[in-house]
Amino acid sequence: MDRADKGLAFLLQYENVAWYEHGAVKILDRRIYPGTVEFVTCESHGEVARAIADMVTQSGGPYTAAGMGMALAAYEARDMGGAQYREYMENAAYTLSHARPTTVRRMESITSGCLECALEAREAGNPPDEAVRKHTVSVLDARYRKIGLMAEYLADMFPAKGTVMTQCFGEAIVGLMLRAAARRGLDIKLICPETRPYFQGARLTASVARDMGFDVTVITDNMPAYTIQQKKVDVFTSAADAICMDGYVVNKVGTFQIAIVAKYFGVPYFVTGAPDRGHAAIGTVAIEERDPALCLEAMGVPTAMAGVKGYYPAFDATPPHLVSGVVTDRGVFSPYDLERYYKEDGEGEYGAGFLV
């Protein structure tokens with residue numbers, strides 16, 4: 001069977017997200033892509049966790065990096081005894097899953113599956129690092145295929161000829177929704193707010209759209225309201241770092257304000273992803289606050305006088321009354337009816353292990 005990343009943009013190929021091989025993990029540095037194509041090489045799982053924390057990879061990339069980091073941890077522990085090996089791997093799973101506070105629940109679903117895989121491979125006498133890499137690829141394949149279903153449901157919401165605004169970088173859903181639109185012959189133009197301070201919209205989302213042959217325009221983060229009005233945006237869409245069971249959507253900071261404007265102009269906002277049973281309500285989510293100095297520069301160039309303060313919440317929470325629908329692999333659900341997703345045998349974005 002073909003891998004699910006076949007035919008997608010460079011940025012979405014598994015080896016170009018994060019990849020374990022020969023005792024190291026290479027992670028594409030999305031902080032500088034596409035201006036520079038460079039990989040960060042990590043020689044320990046701790047270095048992988050640091051790369052995740054430092055946003056070397058973003059959006060769905062940390063989940064791939066965490067899986068590959070677990071493969072590297074299995075390699076690091078290859079000469080340890082049974083009890084010591086288990087303890088080392090459990091500690092690695094904790095370190096990797098807690099690299100960023102807002103996504104701990106999702107990351108735990110990845111690292112726990114890798115931990116189980118490593119222990120089973122060791123018991124069977126197979127190389128655990130290779131088994132974990134293979135497991136991570138299989139999880140990626142399953143996830144991409146599941147997101148492919150979301151992409152089809154999302155494309156149902158697109159007009160035959162229209163304009164779609166995105167926010168930040170939704171990883172696989174960006175490429176898969178564009179592939180679905182192309183297959184249907186939809187004439188879609190994309191508008192991407194730049195998403196400071198790392199400019200993920202400008203550098204990543206826009207790059208994927210350009211790679212796949214779509215008309216794409218980048219705007220600054222203070223332009224969405226005017227742009228929605230003047231460019232007649234038809235749909236606003238984003239992925240999510242968490243979709244709480246009470247309908248709140250946690251995503252890159254700025255999503256909330258665009259959702260407010262979209263509501264004002266009667267533009268639907270569709271978020272893609274599975275609801276998170278690990279987050280019964282918005283109060284369970286820790287909103288990460290990053291180094292405020294990053295808001296005082298643009299790609300390393302200072303933009304404010306010395307002594308000026310910055311403030312950098314990485315995410316915000318959009319309330320359910322601003323969300324037109326949650327687009328899942330099981331169809332589109334009301335943000336007020338997310339339990340129905342699981343009643344209809346939904347497994348979450350990462351499979352059954354994601355329900356913890």
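1. Helix axes here are lines fitted to C-alpha atoms over the stretch in contact, and the angle between two of them runs from 0 to 180 degrees between N-to-C directions. The model is a predicted one, and the points below should be read with that in mind.

2. Helix α3 (residues 82-97) packs on α4 at an angle of about 160°, and the two axes are 8 Å apart. That makes α3 roughly antiparallel to α4, because angles over 145 degrees count as roughly antiparallel. The crossing of this pair is right-handed.

3. What does α3 bring to its contact with α4? The α3 side consists of Gly-82, Tyr-85, Arg-86, Met-89, Glu-90, Ala-93, Leu-96 and Ser-97. On the α4 side they meet Val-104, Met-107, Glu-108, Thr-111, Leu-115, Ala-118, Leu-119 and Arg-122.

4. Helix α4 (residues 104-124) also packs against helix α5 (residues 128-155), at an angle of about 140° and with the axes 8 Å apart. The two helices are therefore oblique to each other. Here too the crossing is described as right-handed, with α4 passing α5.

5. Which residues join α4 to α5? From α4 come Ile-110, Gly-113, Cys-114, Cys-117, Ala-118, Ala-121 and Arg-122. They meet Pro-128, Ala-131, Val-132, His-135, Thr-136 and Val-139 of α5. Ala-118 and Arg-122 are listed in the contact with α5 and also in the contact with α3.

6. Two cis peptide bonds deserve a look in the viewer. One runs from Tyr-33 to Pro-34, with omega near 5°; Pro-34 sits in the loop between β2 and β3. Another runs from Arg-196 to Pro-197, again with omega near 5°. Pro-197 belongs to the loop between β5 (187-193) and α7 (200-211).

7. Where is Met-299 placed? This residue is in the loop between β11 (297-298) and β12 (301-302). Met-299 has a positive phi of about 50°, although it is not a glycine.

8. On the surface, Phe-10, Val-37 and Phe-39 make up a nonpolar patch, and together they have about 240 Å² of accessible area. Of these, Val-37 is found in the loop between β2 (24-28) and β3 (39-42).

Technical notes
Residues are numbered from 1 along each chain as its sequence is written. This is a predicted model: local features need pLDDT of at least 70, side-chain atom pairs count only at pLDDT 80 or more; totals for chains, interfaces and linings use all residues. Side-chain values use heavy atoms; hydrogens and water are left out. Patches are made of residues with over 30% relative accessible area and no salt bridge: like charges are joined within 9 Å, nonpolar side chains (Val, Leu, Ile, Met, Phe, Trp, Tyr) within 5 Å. Accessible areas come from the Shrake-Rupley method with a 1.4 Å probe; for residues, only the protein chains shown count as cover. A salt bridge is a side-chain nitrogen of Lys or Arg within 4 Å of a carboxyl oxygen of Asp or Glu. Helices (H or I, at least four residues) and strands (E, at least two) are DSSP runs, numbered from the N terminus. Angles under 35 degrees count as roughly parallel, over 145 as roughly antiparallel, 65 to 115 as roughly perpendicular and the rest as oblique. A crossing is left-handed if the near helix is turned anticlockwise from the far one by less than a right angle, and right-handed if clockwise. Contact means heavy atoms within 4.5 Å.
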